[in-house]
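Welcome! Take a moment to look over the protein below, then read on for a short tour of its features.

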Amino acid sequence: MTASAESPSKEGRGLRRSLGWLAALGAILVLGGLLGLIYVGVATLTSMLLFGWLLLVGGLVGLLQAVQMRGSSFFWLGVVVAALNLAAGVVVIRHPSGTAEALTMFAALLFLTGGVFRLVGSAVVRGPQFGLTLVQGAFGILLGILVLVEWPSSSLYVIGTFFALALLFDGLALIAMGLGGRRIVSLVEDPERDRLRPGRASATPPKTAEEEQDQSHN
């Protein structure tokens, strides 16, 4: 087989390997999401610590960028934003439970206000999605009330549940992308492999004398 025939096969193997790693990463995320749903309190504290470290890293990166722009008018703005990120990251890491309580309260208020706006908007507009918007608004209000009634104990499982569900759905999406991509690559490679198989007739058979005479008359 020639080099041109080997190249698509090597590219296909590399692509399938990459898609396989993508599916494996999705499986790890799904496993993490399932464990997070089982141990919701641990998932809440883990998500808070990750959030705090992300703020710290973002603050350090913003501070380095501000130092690089020290001759511009945005220097002090960059320093202030970086300092706020660093301070918030330190507070979140030192007090993850208190941060979870504050974020849970904020999420409950968002559910309530979003539900009220959806209910009012659906009642005023009455568009084609009236029923769906009405149900979404009622569900948002109910969820916000339930979180507020159980607050601050609800902070132990609300953030962790959202974090675990995000991991679960992201993992399922990666698995679907990886397996679907491998299937598409296989479907594309099979006809190409059959076409390049040794001994396969690639040229059309020669024409007979009668066919050549008929073609010349036409």
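## How confident is the model?

The mean pLDDT of this predicted protein is 76, and 79% of its residues reach 70 or more. Here, pLDDT is the predictor's confidence in each residue, on a scale from 0 to 100. Over residues 1-6 the pLDDT stays under 50, and for this stretch the model has three contacts beyond four places in sequence. A contact means heavy atoms within 4.5 Å.

Residues are numbered from 1 along each chain as its sequence is written, and side-chain values use heavy atoms, with hydrogens and water left out. As this is a predicted model, local features need pLDDT of at least 70 and side-chain atom pairs count only at pLDDT 80 or more, while totals for chains, interfaces and linings use all residues.

## The overall build

How many helices and strands does the protein have? There are seven helices and zero strands, so from the N terminus the elements read α-α-α-α-α-α-α. Helices (H or I, at least four residues) and strands (E, at least two) are DSSP runs, numbered from the N terminus.

Among contacts with a separation of 6 or more, 81% are between residues 24 or more positions apart. The protein has 218 residues, and 23% of them count as buried. Buried means under 20% relative accessible area, exposed means over 50%, and partly exposed lies in between (1.4 Å probe, protein chains only).

## The surface

The protein exposes about 14900 Å², and carbon and sulfur atoms supply 71% of that area. Accessible areas come from the Shrake-Rupley method with a 1.4 Å probe; for residues, only the protein chains shown count as cover.

Leu 31, Leu 35, Ile 38, Tyr 39 and Val 42 make a nonpolar surface patch of about 530 Å². Such a patch joins nonpolar side chains (Val, Leu, Ile, Met, Phe, Trp, Tyr) within 5 Å, from residues with over 30% relative accessible area and no salt bridge. A salt bridge is a side-chain nitrogen of Lys or Arg within 4 Å of a carboxyl oxygen of Asp or Glu. Helix α1 (residues 3-38) gives the most to the patch, with three residues; Leu 31 lies in this helix.

Thr 44 sits in helix α2 (residues 40-68). Is Thr 44 buried or exposed? Thr 44 counts as buried because its relative accessible area is 3%. Beyond its neighbours within four places in sequence, Thr 44 touches Ala 100, Ser 155, Leu 156, Tyr 157, Ile 159 and Gly 160.

Val 61 is also found in helix α2, and counts as partly exposed because its relative accessibility is 41%. Val 61 and Ala 82 are 21 residues apart in sequence, with 7.8 Å between their C-alpha atoms.

Key:
Patches are made of residues with over 30% relative accessible area and no salt bridge: like charges are joined within 9 Å, nonpolar side chains (Val, Leu, Ile, Met, Phe, Trp, Tyr) within 5 Å.
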